[in-house]
Amino acid sequence: MQQKINFRMIFLTILAVLTTMVSITYVYYSLFQKQIRDDLRLEARLLAEAGFEKLIGNEWAIEEEEIRITWISEDGEVLFDNDVAADNLGNHLNRPEVKAALENGFGESVRESDTMKLKTYYHALRLENNTIIRVSKDASSYLNLFISTLPVAFTIIILVIILCITISHYLTRQLMEPIREMAENMDQISHGSSYKELDPFIDRIREQHDDILSSAKARQEFTANVSHELKTPIAAISG
């Protein structure tokens, strides 16, 4: 019984830890995605308000370590990119965020890399001259983020398992102690027990115990009566 209790507690603990880790990671990742979109939206608006196309024309150097900035013409031609030479990039007119920006003024999209390790978030904004400024940023995918939390999760699971084994051993001993005492003192058992759930079981045992005692007492009386009845003829024959 103790092994079953330990196993079930460990199983439930592992399940609870993993469920909590998945839920927390999902909530955190949702907030993380929202923050990235808000940052890109703000970055695009700031660049637009600063007169990005004029600054490019004056050979202004844009230094961004994390955010990629792309300037796209109305027909999809890449005019500037701070990460890759514009001549090496194809036409971007079919990109969903660019199409949405030309139609609605702005557009967003998310594309996942083939390795399933990174996601790229895009935000495109149409300028007054109908050119498009697009900002993008790479971030970990949900799967990659969850995998990165597994070492912490396994460490927590191991510590919790050790704690559960210690606690379950103590609780099992406390749970079994009244039952063990009841089994050792069956003759002195009183009505009721430490656990109400065991009362029907105790009543049934008491009835069987009383029946056994009654049967034993009846056999003793029968044996005594037979012995007494046999002693008189035997005594007479002996006399």
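**Reading the rings and the core**

Guide: In this predicted model, Tyr28, Tyr29 and Phe32 form one aromatic cluster.

Visitor: How many aromatic pairs does the count come to?

Guide: The count comes to two. One is Tyr28 with Phe32, 6.1 Å centre to centre and with 15° between the planes, a stacked pair. Both of these residues lie in helix H1, four residues apart, about one turn of the helix.

Visitor: Why is the pair of Tyr29 and Phe32 called tilted?

Guide: Planes under 30 degrees apart count as stacked and those over 60 as edge-to-face, the rest being tilted. The planes of Tyr29 and Phe32 stand at 40°, so this pair is tilted, with ring centres 6.1 Å apart. Tyr29 and Phe32 are three residues apart in helix H1.

Visitor: Is Tyr29 buried or exposed?

Guide: Buried means under 20% relative accessible area. Tyr29 has 4% and therefore counts as buried. Tyr28, at 47%, is partly exposed, and Phe32, at 27%, is also partly exposed.

Visitor: Which residues have the most contacts inside the largest nonpolar core?

Guide: In soluble globular proteins, nonpolar side chains tend to be buried together. Here the largest nonpolar core has 16 residues, and Leu40, Ile69, Tyr121, Ile133 and Val135 have the most contacts inside it. Helix H1 (2-49) and strands E1 (67-72), E4 (118-126) and E5 (132-140) each give two or more residues to this core. H1 gives the most, with five residues. Another core, of five residues, lies apart from it and includes Ile72, Val98, Ala101 and Ile132.

Visitor: Where does the charged end of Arg111 sit?

Guide: The charged end of Arg111 is over the ring of Tyr122, 4.0 Å from the ring's centre.

Definitions and conventions: Residues are numbered from 1 along each chain as its sequence is written. This is a predicted model: local features need pLDDT of at least 70, side-chain atom pairs count only at pLDDT 80 or more; totals for chains, interfaces and linings use all residues. Side-chain values use heavy atoms; hydrogens and water are left out. A nonpolar core is a set of buried Ala, Val, Leu, Ile, Met, Phe, Trp, Tyr and Cys residues joined through side-chain atoms within 4.5 Å. Buried means under 20% relative accessible area, exposed over 50%, partly exposed in between (1.4 Å probe, protein chains only). Rings of Phe, Tyr and Trp (its six-membered ring) pair if their centres lie within 6.5 Å; planes under 30 degrees apart count as stacked, over 60 as edge-to-face and the rest as tilted. A charge sits over a ring if NZ of Lys or CZ of Arg is within 6 Å of the ring centre and within 35 degrees of the ring normal.
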